[in-house]
Amino acid sequence: MDVQIALMLAQDGLTNGAIYALLALALVLVFAVTRVIFIPQGEFVAYGALTLAMLQGGSMPATAWLLAGMGALVALIDGATALRNGQTQKLAGVLGWNVGYPLGLVALLTLLPVKDLPLVAQVVLALAVVVPMGPLLYRLVFQPIASAPVLILLIVSVAVHVAMVGMGLLFFGAEGQRTPAFSDANFEVGPLMVSGQTVWVLMASLVLILALYQFFERTLYGKALRATAINRNGARLMGISPALAGKLTFFVAALIGALSGVLIAPITTIYYDTGFLIGLKGFVAAIIGGLASYPLAAVGAVLVGLLESFSSFWASAFKDVIVFTLIIPVLMWRSLTTRHVEEEE
Amino acid sequence: MNEVKNPVLQIDKLCVSYGKVEALSNASITVGEGQIVTVIGPNGAGKTTMLSAIMGVLGSAGRVSFDGTIEAVPEVERMVARGMNLVPEKRELFGEMSIEDNLVLGAFQRYRMGHRDQARTMDEVFELFPRLKERRTQLAGTLSGGERQMLAVGRALMAKPRLLMLDEPSLGLAPLIVREIFRIVAELRRRGVSILLVEQNARAALQVADYAYVLETGQIAMQGPAHTLADDPRVIEAYLGLGGKHQAMLST
């Protein structure tokens, strides 16, 4: 291996690592706030990428109908509850968000010449379809069992993952898709060719991470999520409802997932089930951070990305094996170094 | 009966049970506008259970009427939005966040409803607790017991409550700090906050309160104006003791 190949592999590793970092942050966030180990995180990557591909292909993405279906279900449940409690003033909001928004979006997608719109508009539309599924998913699946033990939440999480992969196959078919790059520019840095898309991925990840940091440090809603993660009861007494925190968290997680999908779709071919593997690598990174530390998870993600790209050079058949084996020494090290601290009053 | 003109809180025949065990049965209490009402009683009498049920943290049967509106089953977020606030026995602070952030989150529900006066409310809280202002950037988890209690009360005040419920505010605190806490309770009433105070430190609680209830094994055993109850031989025997005058000093 010469310097040029090493640089190329490093570039690959960093690009993938940036995506894994985003997913790892989302996993840590979801676990901290809701105690759900969010296996379907990867599905949002695939849904985001493939919805964009369908929009570019000029067809109505089937995910829009899924969104409408989920919205209708939530409207039914929340609407009935509001009626039973005589809170009729809530009804307009419930119907507007859960039925009005998806139908409006479908109408927009039918009317607009989506295929010929600029790429930015297509990306925004794809996100508008996929991201609201996050809070709807929380409302339908996880909110009713919010106080269940972590294991139950994990089992349900696996079930959601399987269901979403199955629906993915139904919606998008078995063929993989690749979307056009955001930019065709190429930069020569010394002996290295850096593609425009790589720059896009790195910059977008960096901006997103900084934006998340600002969100959690500066805004009241971000602080409310952190507060829920630190002390659920205390947050509840401040009027921060666990349901609101859960929906907000799943919104952020879905946004991160779908955006990651849109970003990597021009680099790798995305199949309906590609998301799982990408999500799992984000999960390895999150484990390196102990499912608690954001900076450690991000460092872990870059490590995973680099390990993956270099092992694909030396032992390409084993690259996933090597990455996932990384989790064993990490867990050993963690279980040996962390002492179990009793909850102090 | 606690006869008041403007009741802020009226609970009627409130019952709570943990499985088959009834922890609170048919408790009825009233808190008037600007009043300090205290509920005293031994460990395990159901005092904390009662506050949790009023707040909606625990499910209950019976009627809770707050500010003129009846809640069949109170719901925490709604109660906070309507101006009820509970400072729990465990404080439940956000340990890894700064004092300032803890306070700001106290005003979360007000912020959601469109109020943007957090900065001014925080100044008022700092006026009441200058100690918190000095340490505003310090993490809540690093505070001493007394400071934690001050922060918990300050955080609740950020919501500008109509009714503040304090669960054992003096628990585990040094006598001088307890005195400080009771002085603040009295000061809050001067500012127009109605207070429901649950205490084991009966002497200090009776000193500061207007009206008092004695809760024993889940039932209201006695009630009356606080100063009358403080002279009641049964209360003296069970809760105050004869020689312990130094305890009353805590609330002066």
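Me: Which side chains meet D101(B) or K223(A) in a salt bridge?

Reply: A salt bridge here is a side-chain nitrogen of Lys or Arg within 4 Å of a carboxyl oxygen of Asp or Glu. In this case D101(B) and K223(A) pair with each other, at 2.9 Å from N to O. Between chain B and chain A the count is two salt bridges. Before we go on: this is a predicted model, where local features need pLDDT of at least 70 and side-chain atom pairs count only at pLDDT 80 or more, while totals for chains, interfaces and linings use all residues. Residues are numbered from 1 along each chain as its sequence is written, and side-chain values use heavy atoms, with hydrogens and water left out.

Me: How many residues of chain B are in contact with chain A?

Reply: Contact means heavy atoms within 4.5 Å. On that basis, 26 residues of chain B touch 21 residues of chain A. By class, the chain B side has 13 nonpolar, five polar and eight charged residues; Ala, Val, Leu, Ile, Met, Phe, Trp, Tyr, Cys and Pro count as nonpolar, Asp, Glu, Lys and Arg as charged, and the others, Gly among them, as polar.

Me: And what area do chain B and chain A bury between them?

Reply: Buried area is the accessible area (1.4 Å probe) that two parts lose on being put together, summed over both. Here that's about 2200 Å², 65% of it on carbon and sulfur atoms. E77(B), F94(B) and F108(B) supply 26% of the area that chain B buries against chain A.

Me: At what angle do α9(A) and α3(B) pack?

Reply: Axes are lines fitted to C-alpha atoms, for helices over the stretch in contact, and angles run from 0 to 180 degrees between N-to-C directions. Helices are DSSP runs (H or I, at least four residues), numbered from the N terminus. Helix α9 (residues 220–230) of chain A packs on α3(B) at about 105°, with axes 10 Å apart. So α9(A) is roughly perpendicular to α3(B), a label for angles of 65 to 115 degrees.

Notes:
Chains are lettered from A and ligands numbered from 1 in the order in which they are written. Helices (H or I, at least four residues) and strands (E, at least two) are DSSP runs, numbered from the N terminus. Angles under 35 degrees count as roughly parallel, over 145 as roughly antiparallel, 65 to 115 as roughly perpendicular and the rest as oblique.
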